[in-house]
Amino acid sequence: MRIGFIGAGRVGTSLGKYLSENGLSVSGFYSRTQSSAEESAEFIGGSASAYTGLKEIITDSDLIFITVNDGAIADVSHNIAGECRKYDIDISNKIFCHTSGALSSTVLSELKILKAETASIHMLLAVNDKFTSYKDFREAFFTVEGSGVPAEVLKKCGSRFQILSAENKSKYHAAAVFASNFVVALAELSCELLEECGFSYDDAFAAIRPLLKNNMNNILKNGPKNALTGPIERGDFETVKRHIECFTNSEPDITAKKVYAVVSEALIRQTGRQPDSETAEMLKNN
């Protein structure tokens, strides 16, 4: 099986390298900019090529990953379908797979009409660098939705993965946002609140850095259910009330108060602790 990539950015290049490192044949890359396709093909090495057109990469590949931004996937699918009709390319034996965490394979419906198999895969990993992130893929957890062929590819790589239904893609992606993007937002909000207490931003980050590190290590070691510390875990709702009362009408405080109430309710559900009526009312009204 020869595997091609439409899109030569961080995800496509990293995934291509990962598959190649695991003995799979990468046909190459097609990109809006020829230079990026050439760069990625050179990085993969072997027989990987930089294609100049959709027709060529479709013809040369059995499995084609569409590794472009989410907003461009439908357009790329439309362009591929148009190219197949224009040149009478039979894709009934081809598999097209995008790598969006939020979208299902239904976004590739035009290719499905042309009898191609369609799928989506996603890795629960922040792909930050085009040339080094592939090294982390061995530990990444993948999800597969649609055609089972990409799952067989992941099996050959020894990767862990979960099969998802199309209707669960959005909830799955929301779960990933909680574990990734929201953590970043909470860390930034913590720094902003410390700035209001007189810290410089650099000192605020220096102050919470060991707290973040130790807390994440505790989560990774013991699991989120067993990692919780703090007032709600202790049932100290007097402290919770003081926290709510401390917020002012500044922009960070208004956001922090809302976030504090919502997250506290989640922690209450997690711990099973029952707040007194006054605390419960304060949380509900914020």
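Colleague: Where in the chain does Asn22 have its place?

Modeller: Asn22 is in the loop between helix 1 (10–21) and strand 2 (25–30). Helices (H or I, at least four residues) and strands (E, at least two) are DSSP runs, numbered from the N terminus. Please keep in mind that this is a predicted model, where local features need pLDDT of at least 70, side-chain atom pairs count only at pLDDT 80 or more, and totals for chains, interfaces and linings use all residues. Residues are numbered from 1 along each chain as its sequence is written, and side-chain values use heavy atoms, with hydrogens and water left out.

Colleague: Why does Asn22 count as partly exposed?

Modeller: Its relative accessibility is 21%. Buried means under 20% relative accessible area, exposed means over 50%, and partly exposed is in between (1.4 Å probe, protein chains only). Asn22 therefore counts as partly exposed.

Colleague: What does Asn22 touch, leaving out residues up to four places away in sequence?

Modeller: Asn22 touches Arg138 and Cys157, where contact means heavy atoms within 4.5 Å.

Colleague: What makes Leu154 a buried residue?

Modeller: Leu154 is in helix 6 (residues 149–157). With 2% relative accessibility, Leu154 falls on the buried side of the cut-off. Leaving aside neighbours within four places in sequence, Leu154 is in contact with Phe142, Val144, Ser159 and Phe161.

Colleague: Now to the helix pairs. Why are helix 12 and helix 13 called roughly antiparallel?

Modeller: The axes of helix 12 (residues 237–246) and helix 13 (residues 251–271) cross at roughly 160 degrees and come within 9 Å. Axes are lines fitted to C-alpha atoms, for helices over the stretch in contact, and angles run from 0 to 180 degrees between N-to-C directions. Angles under 35 degrees count as roughly parallel, over 145 as roughly antiparallel, 65 to 115 as roughly perpendicular and the rest as oblique. The angle is over 145, so the pair is roughly antiparallel.

Colleague: Which residues make the contact of helix 12 and helix 13?

Modeller: Helix 12 brings Phe237, Val240, His243, Ile244 and Cys246, while helix 13 brings Asp253, Lys257, Tyr260 and Ile268. By class they are 6 nonpolar, 1 polar and 2 charged. Ala, Val, Leu, Ile, Met, Phe, Trp, Tyr, Cys and Pro count as nonpolar, Asp, Glu, Lys and Arg as charged, and the others, Gly among them, as polar.

Colleague: What covers the buried residues of helix 12?

Modeller: Those buried residues are Phe237, Thr239, Val240, Lys241 and Ile244. Their cover includes helix 11 (231–234), helix 13 and helix 14 (277–284). Phe237, Val240, Lys241, Ile244 and Glu245 of helix 12 meet Glu278, Thr279, Met282 and Leu283 of helix 14.

Colleague: How many disulfides does a search of the whole structure find?

Modeller: The search finds 0 disulfides, a disulfide being a pair of cysteine sulfur atoms within 2.5 Å.
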